[in-house]
Amino acid sequence: MLQSNRVSAHQIARQLASFLCLLTALLVCCLVTTEQAKALYILTGTEDSAILLDEHADTTDFSSKLIFIGKGSNPEITLAAGQTVSLVYDGATLSMTTRSETISALLNRAQIKPAPLDMIAVDLDAPILTITVASDITFYEQMTEPVAFETVRVPNPALAKGVEQVTQTGKDGVQSCTYEVIYAGGAQVSRQLVEKGDSTALPQIVEYGTQTAAITPNDRISDITADGNGGGYLTFASGGSLRYSKVISGKATAYTAGHGGVGTRTATGTRVRRGTVAVDPKVIPLGTKLYIVAGDSVVYGTAVAEDTGGAIRGNKLDLYYDTYQECINFGRRSCTVYVLD
């Protein structure tokens, strides 16, 4: 019975010792984790992202506190001997020559001791290696980011309206981006995009048809695309397009029913109306659809060659208007006639 009690007491002592060790470890951890943020390394001018110091690490050797962000980062930033370095600290700039040493050793030799919330920015891309120690640091981080391709829609007057075709397949790419990053008091306070480089993404090009059978009377030409064979396409403000086979330059007059012996029926038997045109059938066959622009300011619009006249010969045309006053106002003008398909 006595021996059993001795064993129990021994076990209790061991458990108590283990508890005291655990308590001591917890206290140490609390002390470490409540320590103020230490100096922060920001390494720029390399292909890697920014490299930061562990805020809870020991400050006796700054290089040992580097955390890796990116590939190939080396925590021991060793400077070659004989290199000129510009040290910026507390509003002053100091020029030094390296002795084949780490950055932390260089700072110690310069008697620069970063404050608890100071940061160390190392610019490897400057003409002269620059090391800045400050509580507020701004630097520019260059990154390559993936970019999705865009779809570009292009009107094609040669395609019928409602028809679409992919003429170039899109391909995702990458794009270089520059961010302005601001650190203050050991923490990042701002990061914003300031510049985008060229993208390697290939856009997807989709052509959509605009060719239509007819347009409204008040529609106007916005673009003319010639095909090199005398014809082409008229694109209108509405987005629709009409194909023309040739262009005729001529002279135009105007006529209306009830004047000059004009009746209400055309030579082809149709009723006269706005859009009826008298032509020389030897030049423009009857039944031909036309689009007519007269002079610099008058757009007669779409019309049909349905009538003839004794005085209409060659490239002369007579455009029908609803009133005699409109005919007087029109008078005689040069005109451009697009013969529509």
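## Ground rules

Two strands count as paired here if DSSP finds at least two bridges between them. Helices (H or I, at least four residues) and strands (E, at least two) are DSSP runs, numbered from the N terminus. What we have is a predicted model, where local features need pLDDT of at least 70, side-chain atom pairs count only at pLDDT 80 or more, and totals for chains, interfaces and linings use all residues. Residues are numbered from 1 along each chain as its sequence is written, and side-chain values use heavy atoms, with hydrogens and water left out.

Let's start with strand 17. With strand 18 it makes a hairpin that has four residues between the strands, and Gly239 in the turn has a positive phi of about 100°. The two strands pair in the antiparallel sense over four bridges, and Leu234 has Leu242 of strand 18 as its bridge partner.

Strand 17 also pairs with strand 16 (residues 221-226), again antiparallel, over five bridges. Asp223 sits opposite Thr235 of strand 17. This hairpin has five residues between its strands, and Gly228 takes a positive phi near 85°. Strand 17 (residues 232-236) is largely enclosed by the rest of the structure, because five of its five residues are buried. Buried means under 20% relative accessible area, exposed over 50%, and partly exposed in between (1.4 Å probe, protein chains only).

## The nonpolar cores

A nonpolar core is a set of buried Ala, Val, Leu, Ile, Met, Phe, Trp, Tyr and Cys residues joined through side-chain atoms within 4.5 Å. The largest one has 26 residues, and Ile292, Leu317 and Leu319 touch the most other members. Elements that each supply at least two residues of this core include strand 18 (241-255), strand 21 (298-307), strand 22 (316-320) and helix 3 (324-330). There is also a second, separate core of 15 residues; Ile77, Leu79, Ile112 and Leu129 are among them.

What does Leu317 touch, leaving out residues up to four places away in sequence? Its contacts (heavy atoms within 4.5 Å) include Ala252, Val277, Leu290, Ile292, Cys335 and Val337.

## Cysteines

Cys335 counts as buried because its relative accessibility is 5%, and Cys327 counts as buried at 9%. As for disulfides (pairs of cysteine sulfur atoms within 2.5 Å), a search of the whole structure finds zero.

## An aromatic cluster

Rings of Phe, Tyr and Trp (its six-membered ring) pair if their centres lie within 6.5 Å; planes under 30 degrees apart count as stacked, over 60 as edge-to-face and the rest as tilted. By that rule there are five aromatic pairs. The rings of Tyr300 and Tyr321 have centres 5.5 Å apart and planes at 75°, so this pair is edge-to-face. It links distant parts of the chain, with Tyr300 in strand 21 and Tyr321 in the loop between strand 22 and helix 3, 21 residues apart.

Tyr321 and Phe330 have ring centres 5.8 Å apart and planes at 40°, so that pair is tilted. Together, ring pairs link Tyr300, Tyr321 and Phe330 into a cluster. Tyr300 and Tyr321 are both buried, and Phe330 is buried too, with a relative accessible area of 5%.

Elsewhere, three strands form an open sheet in the order 10-13-14, with antiparallel pairing. Its edge strands, each pairing on one side only, are strand 10 (136-147) and strand 14 (187-199). Twelve bridges join strand 10 to strand 13 (residues 173-184), and Gln142 has Thr178 of strand 13 as its bridge partner.
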